[in-house]
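Hi everyone, thanks for coming along. Let me put something up on the screen, and then we can walk through it together.

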Amino acid sequence: MSGTPRSQAESPAPKGPAGLRAQIDNVGESLRQRYRALPRFARWGITMALFILAALLPHFMPYLSSRSNYWVAIILKIGLAALLALGLNIVVGFAGLLDLGYVAFFAIGAYTYAIMTGAVRFTLAQRESLPNFAELIPTFHMYFWLILFVAMGVALLAGVILGTPTLRLRGDYLAIVTLGFGEIVRIVARNLRDITGGPLGVKSIPHPAINVGSVHYDFGLNNNPYYWLVLVLISIVIFFVHRVNNSRVGRAWAAIREDEIAAAAMGVPTVRMKLLAFATGASIASIAGAIYASQVVYIDPQIATLLNPTFGSIIVLSMVVLGGMGGIWGPILGAAAIIFLPEYFRTLGDARFLVFGAALVVIMIFRPQGLIPSRRRAAELTGHDIHEGTVFETQHGVTSA
Amino acid sequence: MSAILEIEGLTKHFGGLRALSNVDLTIEEGQIFGLIGPNGAGKTTLFNMVTGIYAPTAGEFRFRGKELLSRGVPLIGTKRPRRPFQITRLGISRTFQNIRLFANLTALENVMVGIDAHNGAGVLRAMGRTPRQRREERVTQQRAVELLQFVGIVRYANELAKNLPYGDQRRLEIARAMGTNPTLLLLDEPAAGMNPAEKAGLMQLIRKVRDEGITILVIEHDMKVVMGICDRIAVLDYGEKIAEGIPAEIQKNQRVIEAYLGKQEEDAGG
Amino acid sequence: MNCPGQLSEWVGLAVTGLVLGALYAMIALGYTMVYGVLQLLNFAHSEVFMVGSFAGLYALKWLGVDQPRSGIGLILTLLVALVPAMIFAALTAVGMERIAYRPLRKRGASRLAYLIAAIGVSLFLSNLFLLMDGKSHLGLPFKWPNIAGAAPVAMPPLLERHQVFSVLGVGIDTMQILIVVVALGMMVILDTFVRKTRMGLGIRSVAEDPDTASMMGVNINRVIVVTFAVGGLMAGAAGLLYGMNFGVTQFNIGFIPGIKAFTAAVLGGIGNIRGAVLGGFLLGLVENLGIACVSAQWKDVIAFAVLVGVLMFRPTGILGEQVAK
C-alpha cells in the first residue's frame, strides 16, 4: 500500500460528550499518523523497546508490589488471554466471522497436550488404582515442542473440518453453529472418559522443558519461563498479523467483510480465505491451550465452557470487542483490561459477567469499534452509508431486472 | 471473429416466476453488445447466471468454447455453475447495478483486490518479504494506478471508495473489474444516475475499454447510450428474447417499440 | 449399543420428545419471528424464557399454591399464573428491543454489532438473576432481593402428575397433556393472529420486504415492538410450563433450550412460523429417539448435530425460510 498519509479531513469537534470523543479520536489519529510517518527502523525500535520492557516486567515486579508472585501470575494470564484475543481477532476482526466456539480450540490444544504426554493414561490408571500406575507418571518433558506442533495440527484439522461446510453460512448461523461446536467439544471431553479423563479431568500434566545439548531447563512451577514463552509467541503472532494484513490476504479479508458477493465476483476465493482465518485462529488458540495445560497441571472439561470466566469464548470476544477489532494492539489492550480490572476492583467479584454484559451493549451502541480500532474497522463500524450497515438491507442489484 | 460467449436455451425459474425463458445469445469477440428491455425483463438475472451467482434451470452457455457449467452434485432440475470467483478467473468480470464497491477501502485498494485475482492464494507466500513478493506487490500497485489513470480517477487513489462522487464510483467499479484481466466485461447499467456530460464520458470510456481488446456486454436503459456505443443489441421482455440486431434495426422493430410503449402505458396507469 | 427392545419404550421416548418439542416450538416462535422481521438472532430470547418461568413461579407462590389442585381450581390457577409469566416475559423482550436494539438500528449498526449486543443482553439478564440471591454485590450497600440465585428454585406443585391414559403401553400423564394442550392452543391463536389480523399482516409484510412495507404505510417500529412482545408472550408461557414440568427453574435454564429452540427454528425454516412449530416437534422427537441406543448424556450433541446437518444440507429449512431478502 502506498505510504502517503490518508486524506482524512479532521471533523470539527462538536460540543459535549460527542465533542470529547471526537477530540480523543483526533489525538489518537494524529499520534497514529506520526507513528506511521516514522522511518521503518524507528518503528522497529519502538516495538523492540516495548518487547524488552515487557520481558523485564517479572524482574521489576518485586519493586512494584509486595505480592509480586501474584502479579506475575496475572501478567502470565494476560499473556495467554492476549494470545487468544489476537487469534480470535483474526477470525472476527479480520475475516468478520463470529466464532462463538473459539474456546473449543483452546480446549483441544490443552487436551491434546494432556493426552500425548500420557497424563490421561496416568490419571485413569491412578483412579482405578492399577498396580503399576506409578510407572506411568508422565516425564516426556523434551517432547513439549513437538507436542505443541501436534496440538496446533489437530486444531487446524478440526478448524478445517468444522469450517468447510459452515463458513458459507450467514453470520448469525455461523455464530450458532460454532457455539454448538464449542458445546459439543465440552460434552465430548466430559463423556469420553477413557480418552479425556472424563468430568473429573486430567492431572499431573508435565511442565515443558528445554533439553538441547547441554542445556537442561525445566519450566517447573516458576511463572517466568511461561511468561517469556507466551511473550515470544505473541510477538510471532503480531509479526504474522502485521504482514498478512498488508498483503493481498488482508485485502481479501477486508473485501469479504465489505461485500462478500462483490469480492467473489472480483475473483476472491471467499471460502478459502475465510477458512484460512478460521484455521489460523484455531491454531493460535490451541497453542495457548497447550501451554496453559502444561502450566496448571490439571485440566477438566470446564475449560471448554462458553462462559469460562477467564478463557471462555464470551470473555475472549469481549476482549476483542472492547479492545478494538481488526487492529493489533487493540485485542492485547482488551485482554489486559478485562483481566486486570476485576483484579483491581475487587468489588466486581461475581458480578463480573453482569458488568460485561452491560458493557458489551453500551460499547456496541456508543463505540462499536472499541478502544484501539484499526482504521478500516473504525470506518466500517461507525459509518451509516455502507452496504452491509443497516439491518434492512436489500440485496443491491443482484435480484432485480 | 470467434464467439466469446454462446448462450443456448437459457431458462431460469424462481419458484413460479419465469425470469428467463429459452434465451439464445451469441457474442462475438471485440463487440460491444447491448442488452436492453423493460424493467423485470430478466437482464440482470442473465448476468447473474453467467457469473455463477445463480444456477440456470435449463440451458447452457459456453465461454470461449468452454462449458461454464460443471457437473458436480446434480440438484433437481439445475446444473451447478462454477463458483463466481472461478468464473472471474476464467476471464469474465462485471459491475453491479447498485454499485458494490468496497466502501471502506481506498480506490487503489479496491482495484488491487481485482488484480489479486491472478496472484495466487498462498498465505505463506503472501507473508514473505522475499524480492519476489515485494515485486509482486509493487507490480500490483502499479497496475492499479494504471487502471485508475485509464478510467480517469487516479487523483482519488488514496480516497475511501465511499467518499468518491457518484459518477467516479461507477468508473472505479469499471477499473476494479478490469483489474481481474477479463476477456469479457459485463456492465450492469453503468450510466444509471449520470448526467448527460458524465454519460458522454462513460461512452468514451467504454469504447476505450473495447479498444484494449475486451469484449463488452452492457445492460442499459438509456437509449442514447445504447444506440451510441453498441455494435449489436438484443432485447428481452418478460424473460424472452424478442429481437436482436444492429441498433438501426432495433430502433425500428415493432415488437420492441410495443414492449416499451406498453410498459409506459402500464406505468402511466393506462 | 443397547437399543430398547420393546415398542413401549420407543413410544415412551417419542412421547417425551413431542412434549419437549411443544416447548421448543413455543420458544422457537420468538426466535423465528424476530429473525424474520429484523434478521437478528436474538440471543437473549433464552433469558426472556427464563424471566417468564420465574414470573410464573412467583405467581403460583402468590396464589398460595402449596398443594396440587385439580379441576376448575387447577385451570383457573394456571390461567392466572400464566398471565404474569407471559407479561413479564413480553416486557423483558420489548425492553431489550428499546434499550439495546433500537439504538443500534438508529445508528445503522452492522450485523456483528447486533449479535454482540444480543450476547451482552443475554449475559446481563442471566447474571442479574444469578445475583439476586439475597446478598450484596458490587459493593453496593443493600442486599439484592432473594428471588433467584445460583441454585435451582423449586416450582410450587400445582399439578399432580398421574397417568391419565395409556397409548401403546406407555402412560401419558397430566403434565404432558397440559403442556401439549396449552402449547397447541397458543400456537393456534398465534397463527390466527398472524394470518387474520392487520397487525399480523403488518408483521408478515415487514418480514417479506421492509422497504415496501414502510412505503405502504406500515409503522415499522410498532411492528417490531409487537413482534418482540408476541415472541415474549409465547416464551413466557413456555417458561412456566417448562418449570412445572421439571419442578424447578434456575437463572440459566434458558441456555440449552434456547439453542435448541433456535435449532428448531432453523430446522423448520427461519422466519417461517409454521416452520418453527414443525421444527420444534421434530427436534424434540429426533433428540429423544436419538438417545434410544446411546446414553442420555449425548442428547445435546444430537441436537447440535441436527443443527449442523440442517445448515449444511438444507439451510433454508424444511418449510423454507421467510426472511426479507
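I'll talk about aromatic rings, and then about charges over rings.

Before we start, please keep in mind that this is a predicted model. Over all chains, it holds 14 aromatic pairs. Let me show you one of them: Y173(A) and Y35(C) are stacked, with 6.2 Å from centre to centre and 25° between the planes. This pair crosses between chains. On one side, Y173(A) sits in helix α7 of chain A, residues 171–191. On the other, Y35(C) belongs to helix α1 of chain C, residues 7–38. Are these two buried or exposed? Both Y173(A) and Y35(C) are buried.

Now over to a pair within chain C, F54(C) and F129(C). Their rings are tilted, at 5.1 Å centre to centre and with 40° between the planes. F54(C) lies in helix α2, residues 45–62, and F129(C) in helix α4, residues 111–131, so the pair ties together parts that are 75 residues apart in sequence. Why do we call F54(C) buried? Its relative accessible area is 3%, and buried means under 20%. F129(C) counts as buried too, at 10% relative accessibility.

Let's go back to our friend Y173(A) for a moment. Ring pairs link Y173(A) and Y35(C) with Y31(C) and F262(C) into a cluster.

Last stop, charges over rings, and for that we turn to chain B. Here R100(B) lies over the face of F96(B), 5.6 Å from the ring centre. Likewise, K208(B) lies over the face of F150(B), at 4.5 Å from the ring centre.

Notes: Residues are numbered from 1 along each chain as its sequence is written. Chains are lettered from A and ligands numbered from 1 in the order in which they are written. This is a predicted model: local features need pLDDT of at least 70, side-chain atom pairs count only at pLDDT 80 or more; totals for chains, interfaces and linings use all residues. Side-chain values use heavy atoms; hydrogens and water are left out. Rings of Phe, Tyr and Trp (its six-membered ring) pair if their centres lie within 6.5 Å; planes under 30 degrees apart count as stacked, over 60 as edge-to-face and the rest as tilted. Helices (H or I, at least four residues) and strands (E, at least two) are DSSP runs, numbered from the N terminus. Buried means under 20% relative accessible area, exposed over 50%, partly exposed in between (1.4 Å probe, protein chains only). A charge sits over a ring if NZ of Lys or CZ of Arg is within 6 Å of the ring centre and within 35 degrees of the ring normal.
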